[in-house]
Each structure stands twice: as structure tokens, then as C-alpha cells.
Amino acid sequence: MTQNQWIVKGIQPFIIIIFFVLSSPTIVQLTQSNFLTKLLIPILFLLIILLYILTTKAFFSVRGFVCLVLFLLLVGFSIASSPSYSVTSEIKSTLVRYLPFLFMFIILWLRPITKHKIGDRHFLLVVCFGLIESVLGIFQFVLKSPLLPTSINGQQIVSSIYYIVGQGGTGDSSLLNANYLVRASGTMGSGLGLGILCLCCIAIIEMWPHTKWRNMIRGVFYLTSFLTLTSTIIVGLIFYIITKRVYKEKQLLYKWTYYSLWFIGLVSQWIIAKIPDSIFEKLPTLLSRFDGIKYYESVLSFGTKNILIGQNFSNRWQNLANATMNINGRYVVDNFFMYIFFDLGLLGLLIIFIAHRQIFIQSLREDQYILASLSLSILIIGFANNISYAVGIAGFITLCSLNKSPDAYENLKEKNNLL
């Protein structure tokens, strides 16, 4: 392997780690005085530029380029049609929020080809980062202490880090009683954030050769995932294990499940509107999620324009939020598909689907079934949480783990037809 290839493989995990750092409300809030968050974004773009400069071979994807351009235009149109305060500021904040998607589109557009061999421990730095976060999370659970500040200037910077047995999660320590636990969250700000990191690390190390150390590290990530006490993470992890072991090399099952999840996600609004609250009276966590979506449906408008390009929800939701407080605070949209629909409309969902589908199908073509299972498990978690950053990160990890461009097979097929 050339020296440039080693450097390229070193750049990719740094980008992924920065994505996770930027998704952490704890790190973002605690480091404001050090301007860390302002420095990370320029560093990200510097790394992506270096990635292409040092790559000896890249593959141009028309589909990836079109997805990137359309996504950027859509963000501008969505915000300009439903501004909250400053169009320029809101475009900037929205693009920062969707950085993992933007980088996924860029990598899909200009694929830097990095050859991977059997036993190649790429993303070792990501696994090391995940181990540090997992150990911190385990200590948080065992000691029943967050170990880090949970609020700054009276504002909470963690999400439901405390778990009150029989009631659910909360970030407010004043609500605690004698019967409570502390979720493993590391510096990710929530059990969900740490769980997503663990799930990505599990998929990464399961592509490595079988060794005693690999199994021990994987065990740490499995343990931490359960100690997050986050039901969606546990469901996602179980779904990952099932698809990886039961589906194996059955590509048809993978594809059928993938399209089914996206179809259900697209009709989520109609399904949720038809579900009576009485069904979930004994499941307050699910009820609060449905109540949040129904509330915002009642205050948003759904004309043709809003359905197609969205309503700039990511910048408007706090102004639209109700004043009623429940155990988790104001209502939020805990559904990836509904959040994107409210924010960027059906066109936003379509652009993301086209790009994500290309990556998913390519992982099947290269027999990367572990990465395909990761994509499916992230989508499952997305039904109960807004994890757009996780979908982008998982897509980025998959692209950087492939040996061919997603368009390579199509071009080869066209060449064969010409011959």
C-alpha cells in the first residue's frame, strides 16, 4: 500500500470522529468558550480536501453530484419559503446540522478509491474513540452519576440521561427518586448518542478477523449498548444481529426489508394520524412520541409547496413548540422520516433515499452484509428518533469501506453491452 493510501485511511476515521463530536450536545456546550465547534467545521473541510488530493484514483458519480446540488438548492428554497429570522443564518445552521449527509453526498459524487484487504483494520481510531466513550458510559451507570455537567446556565445539555424505573427517562435531576438509574451516555449527551456510536463500532470490528481481542472489544460495545437503557438502541441492536445472522447472503431479503422500511417511513404521517392514543396508554414513551408528531402536525401547514420542499422545521420548531411540559420537556419530533418531511419535504426524503439506496445496494454487491445490516438497524432506530446525523455517518462509513465506486457496476454493464 502506498504512503498516500495510508494517509487517506487515517483521514477517514478523523472525519467520522468529528461527526460524532459535533452531534454531542455535551461536547458542543462545554467547549463553547474554546471555540472548538467553530474550528471543527473548517478542519472537516480541510480533511475532505486532503482526502481527494492524496487519493491517486477517484471515480466520478453523476448521481452523487446531482444529489448534492439538489440537496443544497432544496435547503435554500425550504428556508427562503418559511424563514424564521435570518435566511443566511438559517441556511448555515441547517447545512451544519446536515454535515454528515453533505459529506456522504460528496464521497458519493467523487469516490476516492481506497483498496481494503481481508483483515484490514480500517477505522481503528473510531473504535478507540468508541471504547473511551463506552468505558466512561459504564462508569456512569455503575456509579449512578453522569460524571459530567448536565446543565449550563440553568439549561440542560443532556437528554434523558436519568432513568426512573417505572416512569422512563428524564434529564431533570429534580425529578429523581430513590429508584433511578443513570444511562451510559459518555460525552454523547444521551444514551441514544452513545448507542449509535457503539452500533457503528460493532459493525466496524465485525469486519475484522476473529481474534480474542476483537471478541472482548465487541463485548464491551454490546454491554454498553444495553447499559444505555435506551429501548430503540436495544431494538436496533437486536435487529442488526438478526439480519446479519438470518439474512446472511440473501440479498433479496435485504432489499425487501430496506424498501419496506422506507415505504413505512414515507407513510408514517398517515399511520400515526390513524392510531388512537388509547392503544399506547401503558406505553408513555411511545405515546409522547406520537403526541409530539401530532402536535406539530396541528401547527404546521401542508399545502402543496410545504409537502414538496418542507417548512424549515429545524429552525422553527422551538418557536412552534408548545408550552406544556411533560417528563421530557417540550414536544419534539422523534422520527427521522417525519423530521426530514417537516424540514425538507418529500423532495428531501427522495434525495436522501436515492443516495442512501445507491450506497446500500453497493454494499450488497461487494458482499458487505455487515454494513447492510448496519444501515437497516439505523433505519429501524429512526422510526423512534430523529437520527439524521447517524444515517449520514453510517452512509459515510459504508462508502469508505467499499472497494469500488457505486457507479462502477453500471458503467461496466454499459461497456459490456457496447461490446
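Predicted model: local features only at pLDDT ≥ 70, side-chain atom pairs only at ≥ 80, totals over all residues.

Reader: How are helices α10 and α11 oriented relative to each other?

Author: Two packed helices are described by the angle between their axes and the distance between the axes. Helix α10 covers residues 231-247 and helix α11 covers residues 251-266; their axes lie 9 Å apart and form an angle of about 150°. Angles over 145 degrees count as roughly antiparallel. The orientation of α10 to α11 is therefore roughly antiparallel.

Reader: Which residues of α11 make the contact with α10?

Author: The crossing of the two helices is right-handed. On the side of α10, the contact is made by Phe239, Thr243, Lys244 and Tyr247. The residues of this contact comprise 4 nonpolar, 2 polar and 1 charged. From α11, those taking part are Leu253, Tyr254 and Thr257.

Reader: Why is the ring pair of Phe45 and Phe103 classed as it is?

Author: The model has 28 aromatic pairs in its count. For Phe45 and Phe103, the ring centres are 5.3 Å apart and the planes stand at 55°. Planes under 30 degrees apart count as stacked and over 60 as edge-to-face.

Reader: What is the arrangement of the rings of Tyr258 and Tyr259?

Author: Tyr258 is buried, with a relative accessible area of 0%, while Tyr259 is partly exposed, at 34%. Their ring centres are 5.8 Å apart, and both residues belong to a cluster linked by ring pairs that also includes Trp262 and Phe336. The planes stand at 75°, so the arrangement is edge-to-face.

Reader: How far apart in space are Val267 and Met338?

Author: Val267 is located in the loop between α11 and α12 (268-274). With a relative accessible area of 26%, Val267 is partly exposed. Val267 and Met338 are separated by 71 residues in sequence, and their C-alpha to C-alpha distance in space is 9.2 Å.

How values were computed: Residues numbered from 1 in each chain as written. Heavy atoms only, no water. Axes fitted to C-alpha atoms, helices over the stretch in contact; angles between N-to-C directions. Helix = DSSP H or I, 4+ residues; strand = E, 2+ residues; numbered from the N terminus. Parallel < 35°, antiparallel > 145°, perpendicular 65-115°, else oblique. Left-handed = near helix turned anticlockwise from the far one by under 90°. Contact = heavy atoms within 4.5 Å. Nonpolar A, V, L, I, M, F, W, Y, C, P; charged D, E, K, R; others polar. Phe/Tyr/Trp six-rings, centres within 6.5 Å; stacked < 30°, edge-to-face > 60°. Buried < 20%, exposed > 50% of the residue type's maximum accessible area, 1.4 Å probe, protein only.
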